[in-house]
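Here is a short report on one protein model. Look over the sequence and the structure first, then read on.

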Amino acid sequence: MLSRILTAVVGVPLLLTAIFITPGWGFAIVLAAACVLIQKELLWNTGLVKSKTVLVTAAIFAALVPLWSWFDRHETSLVAALVLLTLVVFAMGMRGRAHFNAIVNVYFSALIVPLMLSAFVGILALPEGKYMVLFPFAAAWLSDTGGYFIGRFFGRHKLCPKISPKKTVEGGIGGVIFATAAAAIYCVVLKFICGVRPLWWAIILLGFVCSPVAQFGDLIFSFIKREQGIKDYGKLIPGHGGFMDRCDSILLVAPIIWLAMRWLPLVIV
């Protein structure tokens, strides 16, 4: 527990600095670096990819996704990059450096995961984005916290024992309660501290919806770990494991917030 607290004391200021102090392109570079780290944890540390050449290729492409999201956002360049990635990884496969399963893993790790993470770039690009960019963290992490404490003290019924033996139905419900409460508190902060008008019902509903989504995201990446026989993706973050172990629940939440912001005026400046 102490290591988790110390990690938060160091990590939260770094996160806030990356989001609010660095310029938009700087934040895109931070996300690009995170995407490179994800490739090592998700492909190499799990053993899904055994060729360093394939790993480097995945890392380069993954790093370009958030940069594309900030600087270009044109589908032509993304399609061109996809064609190039396909040519390169299948050429490696034909030379015996990767099997088809590894190539499929590269597409998931180097394209889908970075695209989900790049939703933060899309959020910040919107006029009210700076007010909502922390909401995915609040919803996902408070859901994790609620699930942990409620599950620890009241958990009786296993949620998905083959994938995550410690998760319980009661913990899942606790996560929903905590995330919904976090959304309500977030609205209070927006109104009385930030001086903007939140769309209360929509943000609170998002908190309610994002908790099960965050829990499912956690299970997705736990499923990968169990399939590969590992406990954590790495040892980068004390008390948490690897970068993916801390951010798995956020990856599905961020795109939902970005889509909601495209459809609804969540914050009126």
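The protein exposes about 13900 Å². Carbon and sulfur atoms supply 72% of that area. Accessible areas come from the Shrake-Rupley method with a 1.4 Å probe, and for residues only the protein chains shown count as cover.

The model is predicted: local features need pLDDT of at least 70, side-chain atom pairs count only at pLDDT 80 or more, and totals for chains, interfaces and linings use all residues. Residues are numbered from 1 along each chain as its sequence is written, and side-chain values use heavy atoms, without hydrogens and water.

## Overall fold

Twelve helices and four strands make up the secondary structure of the protein. These are DSSP runs, numbered from the N terminus: helices are H or I with at least four residues, strands are E with at least two.

The C-alpha trace spans about 60 × 45 × 30 Å along its principal axes. Residues 24 or more positions apart account for 71% of the contacts with a separation of 6 or more. Contact means heavy atoms within 4.5 Å.

## The nonpolar core

Of the 269 residues, 47% count as buried (under 20% relative accessible area, 1.4 Å probe, protein chains only). The largest nonpolar core has 69 residues. Such a core is a set of buried Ala, Val, Leu, Ile, Met, Phe, Trp, Tyr and Cys residues joined through side-chain atoms within 4.5 Å.

Phe120, Met132, Phe135, Ile257 and Leu266 touch the most other members. Helix 5 (residues 100-117) gives the largest share of this core, nine residues. Beyond its neighbours within four places in sequence, Met132 has contacts including Ile123, Tyr186, Leu190 and Ile257.

Terms used. Buried means under 20% relative accessible area, exposed over 50%, partly exposed in between (1.4 Å probe, protein chains only).
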